[in-house]
Amino acid sequence: MLSGGMISPQPGAGPVSPAIAISVDALSARYGVNTVLDNVSLEIARGSSFALLGPNGAGKTTLLNILSTLRKPDGGSARVAGADVVRQQGEARRSLGVVFQDSSLDDRLTAWENLEFHGLVYGMPSRQRKERSAAVLALVELEDWRDEIVRSFSGGMRRRLEIARALLHEPKILFLDEPTAGLDAQTRVRIWRYLDELRRDRDLTVLTTTHYIEEVEGADTICIIDHGKIIAQGSPEALKTQHGHRWLHVIPRDAAALSAIAARRPDAQPLGAHGLALPADDGAEVDAFLAAFRDQLTEVQFQDPTLESVFLSLTGRQLRDRADDTHNAEKAAGRRGGRR
Amino acid sequence: MNRTMMALRGLYGVWLREITRATRDRAQLIGGISRPLIWLLILGVGLNPYFRGEVYGEVRFVIPFTYLQFLFPAVIVLNIMYTSIQFAVSVIWDREFGFLREVLVSPMPRWLILFGKVLGGATVATLHGALVLILARFADVTLSLEQVALALALMFTLAFGLTSFGVILAARVRSFEGFGVFSNTVILPLYFTSSSIFPLDPALTRAQQAVTYPEWLVFLVQINPITYAVDALRGVLINFNQFTPGWGIGIIVAMAVGFFLIAIIDFARQ
């Protein structure tokens, strides 16, 4: 059994193994002249948690739309649970649960009616619908709200209901597009714990897209995507070792010490008002530095590589934090202008 | 067998959602009740004494009905037209607020989703049409059970066709605001030129007809499919046809099939 998704040397070559939940082969997508996905290939192991990390506009949602059969690729192919997303749409859809980035609940129905609708549309018999609906509502702690109209729900409650709904028909693969934005920490932990359980017990595969670093730390495999291309893939630890940098944070005793260090180490970067951050990947260099300046430092701290720094070193920029606001503004404009 | 059951459940789910949403839409319900009251109580009662095929003091033709009886089937059609075409709003709503994706990623085939939606819309529209039937006694129309059943079947088929037409409109209209204006400019002209509120007497020769009504109006009435839907319903409810009786039913069925097929093509493109 594979421990997580891995970079296959020849994705798509040979028969699809049952251990592979999702395989994507040389997928490309274009909007007009813009290439949104550029020859993307990846494989996701069954029962693993796979995270697509990238800024907004990187092509994550387009990839997800293709995998959930909402959009046809302009090149290449993809399979989910063994079914081709273009030629075997029915089978592909049956094995998927999807939580979209924007709410897709009917806010004039009650929570229960939304679940009932989902169960019917997925062809579930009455008894199973009732049992599963009650179970998933309990999972997201919305039992007390089952007969309330969704319009009165807060953003976080809608999100929870949507996750519950996606799990209702017991999918083999769950897509979460920017899943836990707007959820409080407690619920987030609870939902992830439950998803982990499902992965263990039922081999559920979870594919998440996000631009929040905190959300992917627990993933088996992280795939960093930017401008429609995969730029790195691996476990969080592997990515940190390969692409991250260790830093040494020091606070010199006084201004004289600070300028002395800055003179000796031109690669040092200012940190706060009095501190400095030095690249610390080279152990010998760090030892030499510490030996030389030991007496002139009041504080020394090693900073392990973070995914944020991995992303920074791979793309040369921060994940855009304000991307969400831009997205929402666009969405509002789209509604008014009636785009889409 | 199992596949069929699953498809039927899906169909029921989509249908049920439309019904549930309609029962929560107060504005639509109020419209469905007030419209026939206004048309029958005010226009119908008001014009009732003047309804005698008399032109410039000379009796040209005689219709053996009161104006209320003549108007009654047309008001049913009007109520169905409003509710059916307004159904496009539900389609636009689904698309703009993201709900559509929830059904599109489900295993239900697209045409079946659309079929369920149109069935739901047509059911609501038929019910709105049936509200008018309650006023039958008031309009001096006596109905047998058989007539009611036949009328309901025709009304449902008409509603199915017009609801599909609403879906076709929805695929071409991008915003709610645009649709409100648009629907009124479609519904009212179609209604007025359907011989709904004034009779055309086909017994008259072409020349005689042209004296009564200008030729362009007669032409508009004759090419308007709603004319024949109203006529079919008049045939069933007050036993009066201005045109060959079979035509109305034929055109209603043709609209249902034709518009639904176009709607499927439009919907599959989304």
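Analyst: Happy to. Where the chains meet, 23 residues of chain A are in contact with 23 residues of chain B. On the chain A side, the elements that contribute two or more residues are helix H2 (89-94), strand E6 (96-99) and helix H3 (111-121). H3(A) gives the most, with four residues. Sorted by class, that side of chain A has nine nonpolar, seven polar and seven charged residues.

Please keep in mind that this is a predicted model. For the complex, the predictor reports an ipTM of 0.87 and a pTM of 0.82. Chain B has a mean pLDDT of 87, with 91% of its residues at 70 or more. Within chain B, confidence is highest in H5(B), at 95, and lowest in strand E1 (residues 54-55), at a mean of 52. Where pLDDT is low, the predicted coordinates should not be read in detail.

Is A:Leu70 buried, exposed or something in between? It is partly exposed, because 19 other C-beta atoms lie within 10 Å, and a residue needs 20 or more to be called buried. A:Leu70 is also 137 residues from A:Leu207 in sequence, while their C-alpha atoms are 16 Å apart in space.

Elsewhere in chain A, A:Arg87 sits in the loop between strand E5 (83-84) and H2 of chain A. H2(A) is one of the elements named above on the side that touches chain B. With 10 other C-beta atoms within 10 Å, A:Arg87 is exposed.

Stepping back, chain A contains eleven helices and 14 strands. Of its 340 residues, 40% count as buried. Among the chain A contacts with a separation of 6 or more, 70% join residues 24 or more positions apart.

Most residues other than glycine have a negative phi. A:Ala26, in strand E1 (residues 20-31) of chain A, has a positive phi near 50°. A:Glu141 has a positive phi as well, near 55°, and lies in the loop between helix H4 (126-139) and helix H5 (155-167) of chain A. A:Ala26 counts as partly exposed, with 16 C-beta neighbours inside 10 Å, and so does A:Glu141, with 14.

Now over to chain B, where H5(B) makes a handy landmark. Helix H1 (residues 2-24) of chain B and helix H5 (residues 110-133) of chain B have axes that come within 8 Å and cross at roughly 40°. The crossing is right-handed. From H1(B), the contact residues include B:Ala7, B:Leu11, B:Val14 and B:Trp15, and from H5(B) they include B:Ile113, B:Phe115, B:Gly116 and B:Leu119. By class, this contact has eleven nonpolar, five polar and three charged residues.

H2(B) meets H5(B) too: their axes come within 9 Å and cross at roughly 35°, again in a right-handed crossing. Here B:Gly32, B:Ile33 and B:Pro36 of H2(B) meet B:His128, B:Leu131 and B:Val132 of H5(B). Four of these residues are nonpolar, two are polar and none is charged. H2(B) covers residues 26-47 and reaches 30 Å from its first C-alpha to its last, close to the expected 32 Å. Its buried residues are B:Gln28, B:Gly32, B:Pro36, B:Trp39 and B:Gly44, and they pack against H1, helix H3 (67-96) and H5 of chain B.

Finally, helix H11 (residues 245-268) of chain B has 24 residues and reaches 36 Å, close to the 34 Å expected. Its buried residues include B:Ile252, B:Met255, B:Ala256, B:Phe259, B:Phe260 and B:Ala263. In an α-helix, residues three or four places apart point the same way. The buried residues of H11(B) pack against H5, helix H6 (145-172) and helix H10 (225-237) of chain B, which brings our tour back to H5(B).

Conventions: Residues are numbered from 1 along each chain as its sequence is written. Chains are lettered from A and ligands numbered from 1 in the order in which they are written. This is a predicted model: local features need pLDDT of at least 70, side-chain atom pairs count only at pLDDT 80 or more; totals for chains, interfaces and linings use all residues. Axes are lines fitted to C-alpha atoms, for helices over the stretch in contact, and angles run from 0 to 180 degrees between N-to-C directions. A crossing is left-handed if the near helix is turned anticlockwise from the far one by less than a right angle, and right-handed if clockwise. Two residues are in contact if their C-beta atoms, placed from the backbone, lie within 7 Å. Ala, Val, Leu, Ile, Met, Phe, Trp, Tyr, Cys and Pro count as nonpolar, Asp, Glu, Lys and Arg as charged, and the others, Gly among them, as polar. A residue is buried if 20 or more other C-beta atoms lie within 10 Å of its own, exposed if 12 or fewer, and partly exposed in between; C-beta atoms are placed from the backbone. pLDDT is the predictor's confidence in each residue, from 0 to 100. The expected span of a helix is 1.5 Å times one less than its number of residues.
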